[in-house]
Amino acid sequence: MSRKKIVCTLGKFDIPIIQLQPDFNVDLLDSNIMAFGASMSGKTTFLKTLVNILHKRMNEKEERIFILDFGGALSDYRDMPLVSAYFDNSNEEYVKRVFKIMDNILKENIKLLGGRNYREVAECQPVHTTFIIDNLNAFTEESRYIAYQEKLAKLCRDGLSKGITVVVTAGDTKGLNSYMASFRQKIAFEMPADKYLDIFNDKAGSVGNNPGHGFANVTVKPEGITGTFKMNLPYEVQCFKAQTSADPDGKNVTFAQGMAKKYDFDSEAGEYRRHVRRYLTFPKELTREEYEKLAQQPENDAERLCPVSVGLDYVDFCPVTIDLARTNTLAIYGKKEFGKTNLLSLLLEGLVQQAEELRMVFFDDGRNQLKFLYDKYSSECDCVLINGFEKRDLPMKDGTVITGRKLSPIQQFYLYLNENYIELDKRFLAGIYGVSDALRKEYENIPDCTAEETPFTVFVIQSKLVYLNTPEGKRFINSILPQLTAVAEERGFLFIFSDVQKISDGEQNSFFNNNISYAFLLDNIAEFAGERGQKTVFGNMDVKTLKEDYARCELGDGYSYDIEADRLVKLKFIKHGKDD
């Protein structure tokens, strides 16, 4: 059935010229609503009253409510059955997200309505949407939200005829002139006298400190009125107080009981069985328990050999999962203390839980940043730690031994690769063994790679040495890494570059980028891609588009980038606890 009106009775007018006190009615299909007032004057109570009335008058097939709360006083309403999303300003991504959602709803309604006005559609009328912003001044005065202000202006102009009503509160008229023309219904609680003139273009009296009492213009003519009056002038109004859970709502029934009956409240689960589609929000930290509770089932979940989920995406709250058996080379970029070690722990824990045979090779540069992982997993799988200078005796093919060679961490790493995984160029190894590469017999006496079969091996590389513009660093990235990645899937290798550093040499940088198949970024992607990221795997991304599509990262946020599939996803990472 088509709805021609959605009339909500929000209080009582006092209109002296007709000597009556008619109902204060607002038709949500006819007017956006803007409520002004000083602190504690009744603005938030007004919003609560409206939300309560919509829950009593409408149902989950007719109405959905989105709340963007800059005041923090509407959090108790987040679980109401018609509230599709409650977002506060603790995370900029939520602000961006709600405008994406509203824009999608507007586009979808325009398509469904086919050029007609919302109330003209007789059948298949879209669900009506009420979009509430509490404390609009906080939104307009924040420089980081400038990009969304035009989106709001468009929504205020175009949304009403397409089934979207915007309801906002504000403490001041400053900076709101561009919006006010789109709000036919205006309410002003306690305000300075000059502000009433800004709001109504007419003088109004004083209401004093009387919460819920103020002025409003009339947008729905009261029934049964025989006298005439100018509807757009400000008249005194007393708005209703919002019902609380325990308030009477009919004969022997409270408001909470009425809601429970109408929306089929499940007391054991503590939730309504009948409700609109919910848009979820993250807690400050996504613990494993919260992850299990919030995770949604993806529509097309591909089969994976060694799936490890590291968090939930910001849009659908589906698990962000990487197949470590097929990834081969993975790079982690990001700020210091922004969660790189946490992510590495998640990846390794997932491997340990699934791999039947596993070897971990930790290559550090002396900072001992990987030792705690070595200590943790040494009892669960074969582990090797290379993290400092060490004296070694090096046996040769002819049985002789070169004694007391002091090797750097990167030299030990190359030696370990040559002994166990891949035969390296002996002319390069000659420097490590301390023999002359000019004498063919001497460097041919260097041992060959003798390993025939190795377990699945993850190389965790957290060494600045491999990124330096030095012969040893360039040797690994330009020559050794491509050889290893070429046989990685066949022989079971995984390389995790757990803290990628800047590479100054152009050729070396190009080789590195070409060998990375998957990347994580724990940083603000637009800033990263525009500055340091220009020479990384993120370098081809358009900075302007990234700024429009993604908000700044909070602690625990980041990006997953499947390079081969060219798929970028923003996510909240699981907080890897001690008991995970």
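The numbered points below comment on a predicted model, taking its sheet, its salt bridges and its cysteines in turn.

1. The sheet as a whole. The model contains an open sheet of 10 strands with mixed pairing. Read across the sheet, the strand order is S2-S1-S10-S9-S8-S3-S7-S6-S4-S5. Strand S2 (23–27) and strand S5 (83–88) are the edge strands, and each of them pairs on one side only. From one strand to the next, the twist averages 25°.

2. Strands of a sheet pair through backbone hydrogen bonds, either parallel or antiparallel. Strand S1 (residues 7–14) and S2 run antiparallel and are joined by five bridges. Within this pair, Lys12 stands opposite Asp23 in S2.

3. Helices on the sheet. Helix H4 (residues 146–158) packs on the sheet, where it touches strand S6 (128–134) and strand S7 (164–170). The direction of H4 makes about 125° with that of S7. Helix H6 (residues 193–200) also packs on the sheet, touching strand S3 (33–36), strand S8 (185–188) and strand S9 (213–216). The direction of H6 makes about 175° with that of S8.

4. Strand S6 and its neighbours. How are S4 and S6 paired, and over how many bridges? The two strands pair in the parallel sense over seven bridges, and Ile67 has Ile132 in S6 as its bridge partner. S6 also runs parallel to S7, to which five bridges join it; here Phe131 has Val166 in S7 as its bridge partner.

5. Burial of S6. In a regular strand the side chains alternate between the two faces of the sheet. In S6, both faces are covered. On one side, His128, Thr130, Ile132 and Asp134 are buried, and on the other, Thr129, Phe131 and Ile133 are buried. Seven of the seven residues of S6 are therefore buried, each having under 20% relative accessible area.

6. Side chains of opposite charge can pair when their charged atoms come close. A search of the whole structure finds 29 salt bridges. One of them joins Arg274 to Glu60, with the closest N and O atoms 2.9 Å apart. The two residues are 214 residues apart in the chain: Arg274 lies in the loop between strand S12 (271–272) and helix H8 (288–294), and Glu60 lies in the loop between helix H1 (43–57) and strand S4 (63–69). Arg274 is partly exposed at 33% relative accessibility, whereas Glu60 is buried at 15%.

7. Further salt bridges. Arg144 and Glu142 meet in a salt bridge with an N to O distance of 3.4 Å. Arg144 is partly exposed, at 31% relative accessible area, and Glu142 is partly exposed at 30%. Asp266 and Arg273 form a salt bridge, with 3.4 Å from N to O; Asp266 counts as buried at 19% relative accessibility.

8. Cysteines. Cys156 is buried, with a relative accessible area of 4%, and Cys239 is buried at 8% relative accessibility.

Notes
Residues are numbered from 1 along each chain as its sequence is written. This is a predicted model: local features need pLDDT of at least 70, side-chain atom pairs count only at pLDDT 80 or more; totals for chains, interfaces and linings use all residues. Side-chain values use heavy atoms; hydrogens and water are left out. A salt bridge is a side-chain nitrogen of Lys or Arg within 4 Å of a carboxyl oxygen of Asp or Glu. Helices (H or I, at least four residues) and strands (E, at least two) are DSSP runs, numbered from the N terminus. Buried means under 20% relative accessible area, exposed over 50%, partly exposed in between (1.4 Å probe, protein chains only). Two strands pair if DSSP finds at least two bridges between them. Axes are lines fitted to C-alpha atoms, for helices over the stretch in contact, and angles run from 0 to 180 degrees between N-to-C directions. Contact means heavy atoms within 4.5 Å.
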